[in-house]
Amino acid sequence: MLLVLLLALQNPAPELYYSVTVPTDRSAYLVEMQINNPPNPSRVVIPNWAPGAYQLMDSWQNIRDVVAVSAAGDPLPVHQDSPISWVIDPKCASRITIRYAAGLPDVNEWRRPNNRWFLRSSSGVVDGPRTFMYLDGWKQAPARVTFQLPAGWRIATGLVPTTIDSTTFAAPSYDVLIDSPALLGRFLTYRFTTAGTPHRAVVDLGGGRAHAPAVFVDMLRRISTTAIRVFGAAPYQDYTYIFVGGRGGGLEHLNSTTIGVPTETLARNPHGARTVSAHEFFHVWNVKRIRPVELGPFDYEHEVRTVNLWWSEGVTDYYADVILARAGLDRPADFAQRLATSIGNHRSNPARLLISPERSSWTVWDSPAVNNSQVISYYLQGELLGFLLDLAIRDSTDNAKSLDDVMRYLLDHSAGERGFTRDELAAAVRSATGRDFEEFWRRYVSGASEIPWDDYLRAAGWKVVFTETPAVDARIGSIPPAVQGGRWRAVVAPGSAAEAAGRGLRTGDELVRINGRPIVDGTDVTAAVRAIGRGAVVVVAAVRDGQPLTIRFSAGTYNRVRAQLRDLPGQTAKMRRIRAGLLRAAR
Ligand SMILES: [Zn+2]
């Protein structure tokens, strides 16, 4: 005890202060990291990946001009010991400051607003993992950050404000610091309160006006209220929805989310971002608090694998469906249609019988080659497994228990210091419901057996009807880049026209253009494919093994599988109870 005390006196813990400056030329965020009581040596690291986006980032490409100085301003030796880390000899200084510039090397990319990280004349989003280095060994130390901004710029972040000034915020640890993106600049702010807790939406449309803001904010209020009702209370002091007119989908954070949505989408329909908003908001619980054991504390230097992304992402997709229906943003028929569409997509994909949800979760970091170029999304698998589990739990308990009970159980038991393992997840379902799902796990979670839909759907008075109708075969799917900032990759259905072409497209080919349309992300692939008519010539510019290639093929036809949920004749009272229970909050 005495020894520990003496050591503590001799080596006071490092204190961390960051500042982020937006320079006039907007070339990069200029970062200063001040360390009081620096360890000797001090190793600082920029993360190689970001929680929520399970891919490497090549983040070393974004860091420039790393220097270190002592409190007296004397330069200190800096040695780069890996592409993402630097070692500084503090030379007995009681305080050192490390300075660097953080920004994408491609200036066009850097100025283009997305949901993660950009800087342009009127605004910017600070992505923590690509902006802030951590002090190796001290990720659990508290930190403060100050933003130095152009005149008139404001700050929206989930970080805790301080009494020091309006531009300085506090974080209890590095993990929280980088899990709190900041929108900087000129933007619109809408506030609302639900469950006694302040919420706000900040919207950066690059000077554009929001369309029907009252309808937009009412949507967010309903989503928040409905999701909170599943658990009974909000687990944060305040919540910030950050919307950026641009691309990128959503990313979840501890008490905020960043959502990139095309400005045209919001202008056309103030509910246009409802699905992504519900998904990201439900992540407040599922993944940010209820998490697989591997997802925290994070190892930012290496990829982190888990078999449970189907639960963290896919079941979150299921809850987005549920929340929208319970919130009255979708009609009950829309809920059934969303799930029917997913069942049809699942049934159309032969990979469903080859790659289990646990396998597709585990191999998210890998090339599709590890699964013989078969691809199925753990989002899709998990959405459907969530639906099946909910039906099965309600069926076996006469609607007394549901997936909501499992979520609440997990929040109570697996949302602390340690997350859940695969076996603990299955055990939690048993504990929360009193029913055993080992067989379910074996067949459909660890296994890739065909799902007997009607056995499950019957509980809510549905059956599925599959139909095959001729459709234009220009089937080209897509998956995100292997490394962030890279090109989106093709997914080619076995037997499709794209595959059968003379020099056919292959799963994993990097997509450059489809029929002249540049491919920035998956939404371009969907739009390009949708525009192709029967018999049309399709020209795909791609890159394979670093070599450009052009693939031409004629769009043929194929039998597209669709699913519909139909009401069973002779609905029982129990079926009606379960159907109503799905769409009505349990509390
Ligand atoms: Zn997600």
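Helix 4 (174–178) and strand 20 (249–252) each contribute at least two residues to the lining of the second largest pocket. Helices (H or I, at least four residues) and strands (E, at least two) are DSSP runs numbered from the N terminus. The model is predicted: local features need pLDDT of at least 70, side-chain atom pairs count only at pLDDT 80 or more, and totals for chains, interfaces and linings use all residues. Residues are numbered from 1 along each chain as its sequence is written, and side-chain values use heavy atoms, with hydrogens and water left out.

**The second largest pocket**

The top contributor to this lining is helix 4, with three residues. The second largest pocket holds about 680 Å³ of space. Its lining is made of 29 residues, and those closest to the centre are Asp 175, Leu 254, Lys 288, Arg 291 and Phe 298. On a 1 Å grid over the protein atoms alone, a pocket is an open set of points with protein on both sides within 12 Å along at least five of seven lines, while a cavity is a set where a 1.4 Å probe fits but cannot get out; lining residues have an atom within 4 Å of a point. Grid points are joined across faces, edges and corners, and a volume is the space filled by probe spheres set on the points.

Sorted by class, the lining of the second largest pocket has 14 nonpolar, six polar and nine charged residues. Here Ala, Val, Leu, Ile, Met, Phe, Trp, Tyr, Cys and Pro count as nonpolar, Asp, Glu, Lys and Arg as charged, and the others, Gly among them, as polar.

**The cavities**

There are two cavities of 30 Å³ or more in the structure. The largest cavity contains about 80 Å³ of space. Among the residues that line the largest cavity are His 346, Arg 352, Gln 381, Tyr 444 and Ile 451. Helix 11 (378–396) and helix 14 (438–445) are the elements that give two or more residues to this lining. Helix 11 has the largest share, three residues. By class, the lining of the largest cavity divides into six nonpolar, four polar and two charged residues.

His 279 and His 283 are both buried; buried means under 20% relative accessible area, exposed over 50%, and partly exposed in between (1.4 Å probe, protein chains only).

**Aromatic pairs**

The whole structure has 37 aromatic pairs. Rings of Phe, Tyr and Trp (its six-membered ring) pair if their centres lie within 6.5 Å; planes under 30 degrees apart count as stacked, over 60 as edge-to-face and the rest as tilted. Two of the pairs involve Trp 310.

| Pair | Centre to centre | Angle between planes | Type |
|---|---|---|---|
| Trp 310 and Trp 311 | 5.6 Å | 90° | edge-to-face |
| Trp 310 and Trp 441 | 5.7 Å | 70° | edge-to-face |

The pair of Trp 310 and Trp 441 links distant parts of the chain: Trp 310 belongs to helix 8 (residues 309–326) and Trp 441 to helix 14, 131 residues apart. Trp 310 and Trp 311 are both buried. Trp 441 counts as buried because its relative accessibility is 0%.

**Charges over rings**

The charged end of Lys 139 sits over the ring of Tyr 134, 4.8 Å from the ring centre. Likewise, the charged end of Arg 475 sits over the ring of Tyr 558, 3.7 Å from the centre. The criterion is NZ of Lys or CZ of Arg within 6 Å of the ring centre and within 35 degrees of the ring normal.

**Backbone features**

The peptide bond from Asn 40 to Pro 41 is cis, with omega near 0°. Pro 41 is in the loop between strand 2 (29–36) and strand 3 (42–45). Gly 296 and Pro 297 are also joined by a cis peptide bond, with omega about -15°, and Pro 297 lies in the loop between helix 7 (274–282) and helix 8.

Asn 372, which is not a glycine, has a positive phi of about 55°. Asn 372 is in the loop between helix 10 (357–362) and helix 11, and counts as exposed because its relative accessibility is 67%. Asn 399 has a positive phi near 65°. The loop between helix 11 and helix 12 (403–413) holds Asn 399, which is buried, with a relative accessible area of 18%.
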